[in-house]
Amino acid sequence: MGDDPSLRAAYRLCRRQTKAQDPAQYALIQLVPAALRPACWALWAAANAIDDLADDRTAAAFERAAQVEEWITALERELADGASTDPIRHALVDTALRWRLDLTRLHGALLLVRDDAHGRRFPDWPAWRAWARDNLLPWFDLLRDLFDRAGVPVALRLDSWEVYEQFLDGFRLTDTLTDLSADLAQHDLLLPDEVLNQYPGAADDLMYLRWSPAVAEVITHLTGLARQWVNQPSLTRGMHPAPATICHTMADLLRAQLDAVTSAGPSILRGPPRPALLTSTRILAPARARAALAWSLTPVTVPPPKDAVRRRPPVPHRTVPRSTFRTPPAHPSGQQPPKIPAGQTPTHVAVIMDGNGRWAQQRGLPRHEGHRAGATAVREVVYGALEIGLRHLTIYTFSTENWKRAPEEIDALLRLLHSEVSANPFRDLDVRLRWHGGADRLPTDLVDLLRMREHSTRTRTALTLTMCINYGGRDEITRAAAALARSTARGHLNPNLISEKDFAQHLPHPDMPDVDLLWRTGNEQRTSNFLPWHTTYAELYFTPNLWPDTDRRDLWLAITEYGRRQRRHGATASMPTRASRAEADPCDS
Ligand code: IPE
Ligand code: IPE
Ligand code: MG
């Protein structure tokens, strides 16, 4: 925090607000080492602040939604400036920069809060669960990243994801039961109709704040369910004892909270029940001792103060070696990436990898051998992207038009894709894998595998590798238009006021930054339905080499060429030209 008095005051405010609004969370945060607490307070205070804006019933729904939107936009702007006039965002921005937390992950959750301003109803548990998870998981993921950066990763075994998500469902349901009176006062009943309908009359009684046998029964049912979800002994299996202690204590506090809900009876409709002080002390006193011992096992790594905090988070791979990830194998020539001046490097390179078929043909081989050789080129180029510090690499792997090819070629291609993703060549590298495209027509085992990889790599930060599989630009735009139409039909958007930003937010991957450089190999000069929305101002670069002949040095040449381009974005040459969208909008990087 250094000597900046406004920043110290900002963190103090976050601490006070967390303590006042969420004493149980505050007590949990006290279990982490002092160096990590300010970041935790900033995250909790920010989550609370935005919830309060959405709940502020002194304003109309559209005003509340607009206030939340304003808050999100201000955060995006302030992340670029590194400073803020709002104390909570000031602390949050400082936390993000200091700990290299990627706040773009919050975007979806923040938009949900904006939409919450209009009120919500859930027909069934899946709908409720989707909302609860989309809302909570990104915040918890950021906390997990924070621990990761501090050198104490909150590792979850792959088979623990389901229990982790269910634990968070338990957290959300306990919260909903606790805040029932406040939500009902605002005519919000944040429980699925599916469960309310099992107890005839319960929904109406709740809306009119009437305590009745049906209400008592539904609350008993829900507390039982929450208790079951919170009770996940396998969650902390294999976890470092310090975060494990925090998870156990959190579960104990949630159970105490549920006991308080049960013993509150009718008074649950008048105010939030709280566990007795003695109960909390009985949980927290031994937890403090256990946590102190557990933290003493591993020294916590704290990022250096102030002077090391830059305007934008540094590229993690190049500047902060992470012991958990390997560096990519060097190119056989020993060649190193060129030094490109800061500000002349693209944030996002998209590649149309063309020429596999011709490469095979030239060698008298079947076309699928060209695709196999192409997969090796992809590995090479990913290594080169990591070495040069590129943040986003998007590769055109299979287009919606490629279904027109011979069934044998399609079959071979999809099988090759499955085996390549399943071989997991970037397992030890800081590469986040994403898949862009439609699930229809793709084999379900490939879809499952891609989703699993997306999930297991989603906390990685150096390079985002997006594979466009069964992707078509017009298909993407059509999906966005349909999503936009759904939002307007629900009354979340005024069709007369739809902006480019609204449209972009309805794209299947709203956080994908604009493409700075579009590179196509294989001696063709067309874009073949690739990323029409994102490439409107991309620099175009066409090379004659066939994709399987490509290696990382070709990527470096492409990036060097990009550095020579004059980007004007419609302005005149004297204006600043090289600002890529990501520089203008760090929330997208
Ligand atoms: C690009 O190579 C890879 C895919 C489209 C899957 P091609 O298979 O299009 O190769 P050419 O253009 O026929 O040489
Ligand atoms: C574009 O290549 C699609 C991919 C690289 C996946 P194509 O080879 O299919 O493109 P066209 O048909 O020549 O335009
Ligand atoms: Mg081709």
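## Asp551 and Arg553

Arg553 is partly exposed, its relative accessible area being 30% (partly exposed sits between buried, under 20% relative accessible area, and exposed, over 50%, with a 1.4 Å probe and protein chains only). Its partner in a salt bridge is Asp551, at 2.8 Å from N to O (a salt bridge is a side-chain nitrogen of Lys or Arg within 4 Å of a carboxyl oxygen of Asp or Glu). Asp551 is buried, with a relative accessible area of 14%.

## Ground rules

This is a predicted model, where local features need pLDDT of at least 70, side-chain atom pairs count only at pLDDT 80 or more, and totals for chains, interfaces and linings use all residues. Residues are numbered from 1 along each chain as its sequence is written, and side-chain values use heavy atoms, with hydrogens and water left out.

Asp169 is buried at 1% relative accessibility, while Arg129 is partly exposed at 25%.

Arg526 and Glu524 form a salt bridge at 3.4 Å, N to O. Arg526 is partly exposed at 46% relative accessible area, and Glu524 is partly exposed at 21%.

There's a network too: salt bridges link Asp516, Glu539, Glu561, Arg564, Arg565 and Arg567. Searching the whole structure turns up 37 salt bridges.

Notes:
Chains lettered and ligands numbered in written order.
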